[in-house]
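Me: I am new to this structure. Please walk me through it in short steps.

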Amino acid sequence: MSNTTGAAVRFEKVQKSYDGEVMVVKDLNLDIAPGEFLTMLGPSGSGKSTCLMMLAGFEPATNGEIYLNDKAINSVPPNKRGIGMVFQNYALFPHMSVAENLAFPLKVRGISSKDIDEKVKHTLDLVELGAFGNRRPAQLSGGQQQRVAVARALVFEPELILMDEPLGALDKQLREQMQYEIKHIHERLGVTVVYVTHDQTEALTMSDRVAVFEDGIIQQLSPPDELYESPQNSFVAQFIGENN
Ligand code: ADP
Ligand code: MG
């Protein structure tokens, strides 16, 4: 059967249960276009992180199939999926310099040290940390550390980046600045981003489309303006209208 959809990511009838009883992701069907900034938005416990974990390969889907560029990946290990990841607790290696933190995922992939040096320099320049390569993470501000985490996810030029509440630990002003910077990087690189947040404003300002999750189900999948102007049901209307 020919199965070319052109989607960068496809969830097809994906279900997830951790305990064999409760489905925390119920029946997920979602196509994400190449270069799209897709945000999974929803309250705590609605299944957003579980979707990213399945996409990254850290949790198996209980049922259904996930595709990257039309290739079924359920049996592909995480390090072979070509996905960059940024999480809230970005876990930089404290004993390594910023440059060494970026070099690490490249070394793991067996890239030559000359190429590593070039890629690290290029990526640090991209996030405007070119002058900070020799510092330790502890010698940087929270926002700079988060930018290093973004750079580390970008350094091996993944086609797909997953971000799970990456700005949750930052104060409001820094969060807004980082939203802008992440958006800017996305626009310049054209990389596909799947972004998870429970913050309505963040989702509405950053995304091409937003998938609103409730209890393991997508209640609405729309561009931000549509979500705001015509919520499809009372859950979406209420959730979008809430202030954090
Ligand atoms: P969200 O990211 O939207 O807050 P999660 O995907 O983390 O939601 O969680 C969805 C549901 O799955 C929750 O009820 C949560 O308690 C449960 N859950 C998440 N991770 C695990 C796990 N590793 N083991 C068991 N249950 C889990
Ligand atoms: Mg989560």
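Me: What radius of gyration does the protein chain have, and how does that fit a compact globule?
Reply: This is a predicted model. A compact globule of 244 residues would have a radius of gyration near 18 Å. The protein chain agrees with that, so the value to note is 18 Å.

Me: What box do the C-alpha atoms of the protein chain fill?
Reply: The box is taken along the principal axes. Its dimensions are roughly 50 × 45 × 35 Å.

Me: How many helices and strands does the protein chain have?
Reply: Both kinds of element are present in the protein chain. The strands number 10. The helices number 8.

Me: Which helix gives the most to the shell around ligand 1?
Reply: The residues surrounding ligand 1 include Tyr-18, Val-24 and Gly-42. Also among them are Lys-48, Ser-49 and Thr-50. The top contributor spans residues 48–56 and gives 3 residues. That helix is H1.

Me: How many residues of the shell around ligand 1 are polar?
Reply: Ser-44, Gly-45, Ser-46 and Gly-47 are among the residues around ligand 1, and Gly counts as polar here. The shell has 2 nonpolar residues and 1 charged residue. The polar count is 7.

Me: Are H2 and H4 roughly parallel or roughly antiparallel?
Reply: Helix H2 covers residues 98–108, and helix H4 covers residues 142–154. Their axes come within 8 Å and cross at roughly 30°. Angles under 35 degrees count as roughly parallel. Therefore H2 and H4 are roughly parallel.

Me: Which residues of H4 make the contact with H2?
Reply: The crossing of H2 and H4 is right-handed. H2 brings Val-98, Asn-101, Leu-102 and Pro-105 to the contact. The contact residues divide into 5 nonpolar, 1 polar and 1 charged. From H4 come Val-148, Ala-151 and Arg-152.

Me: At what angle do H4 and H5 pack?
Reply: Helix H5 spans residues 172–189. The axes of H4 and H5 are 11 Å apart, and the angle is about 25°. That makes H4 roughly parallel to H5. H4 passes H5 in a right-handed crossing, at an angle of about 25°.

Me: How many charged residues are in the contact of H4 with H5?
Reply: H4 supplies Gly-142, Gly-143, Gln-146, Arg-147 and Val-150. H5 supplies Leu-174, Gln-177, Met-178, Glu-181, Ile-182 and Ile-185. By class, 5 are nonpolar and 4 are polar. The charged residues number 2.

Notes:
Residues numbered from 1 in each chain as written. Chains lettered and ligands numbered in written order. Predicted model: local features only at pLDDT ≥ 70, side-chain atom pairs only at ≥ 80, totals over all residues. Near = placed C-beta within 6 Å. Helix = DSSP H or I, 4+ residues; strand = E, 2+ residues; numbered from the N terminus. Axes fitted to C-alpha atoms, helices over the stretch in contact; angles between N-to-C directions. Parallel < 35°, antiparallel > 145°, perpendicular 65-115°, else oblique. Left-handed = near helix turned anticlockwise from the far one by under 90°. Contact = placed C-beta atoms within 7 Å. Rg over C-alpha atoms; globule rule 2.2 N^0.38 Å.
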